[in-house]
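Dear colleague,

Please find the structure below, together with its sequence. My notes on what was found in it follow.

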Amino acid sequence: MELDRIDRKILQALQQDGRISNLKLAESVALSPTAVLARVQRLTKDGIIDGYEARLDPVKLGLGLMVFVEVLLDKTTPNVFDAFKAAVQVRSEIMECHMVAGGFDYLLKTRMTDMNAYREFAGTVLWQLPGVRETRTYAVMEEVKNTTQLPIN
């Protein structure tokens, strides 16, 4: 789908503030509120706008430790991949799971209260996930950049 300059401006504004009023959004892109609403509805219908959510401060919610985990599976067969993916979906500590190319199969992003909580998670959950043969853990010492905003050119 082709996005024109105004569509891109709308997407940029919504990424910066998903709660912006339709009136303010219309003012920022120099269109009528009706025209902007129609564009937002089209962008949503076409799946370009995937949804809206609040960004929460993990530290203030007691989840200050971010840990990335490389996971190597014992077999790379469709049934092992499917079982692993299904098991990951139900674990709230696992925020992201990406199948990757390279020296391991999946990269997980997790959030925990502290290192003791991670050790408990690793022992009772991580090693119990289907097909896990090996893991490597990377505890984040400093979060330098964290954004969900996509570059819109």
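Which residue is the bridge partner of Met-99 in β3? The partner is Tyr-106. This is a predicted model, in which local features need pLDDT of at least 70 and side-chain atom pairs pLDDT 80 or more, while totals for chains, interfaces and linings use all residues. Residues are numbered from 1 along each chain as its sequence is written, and side-chain values use heavy atoms, without hydrogens or water.

Strands here are DSSP runs of E with at least two residues, and helices are runs of H or I with at least four, numbered from the N terminus; two strands pair if DSSP finds at least two bridges between them. β2 and β3 run antiparallel and are joined by five bridges. They form a hairpin with six residues between them, and Gly-102 in the turn has a positive phi of about 135°. β3 also pairs with β1 (residues 65-73), in the antiparallel sense, over seven bridges; there, Phe-68 has Lys-109 of β3 as its bridge partner.

The largest pocket holds about 1300 Å³ of space. A pocket is an open set of points on a 1 Å grid over the protein atoms alone, where a 1.4 Å probe fits, with protein on both sides within 12 Å along at least five of seven lines; lining residues have an atom within 4 Å of a point. The volume is the space filled by probe spheres set on the points, which are joined across faces, edges and corners. Of its 34 lining residues, Gly-51, Glu-53, Arg-55, Thr-148 and Gln-149 are the closest to the centre.

Yours sincerely
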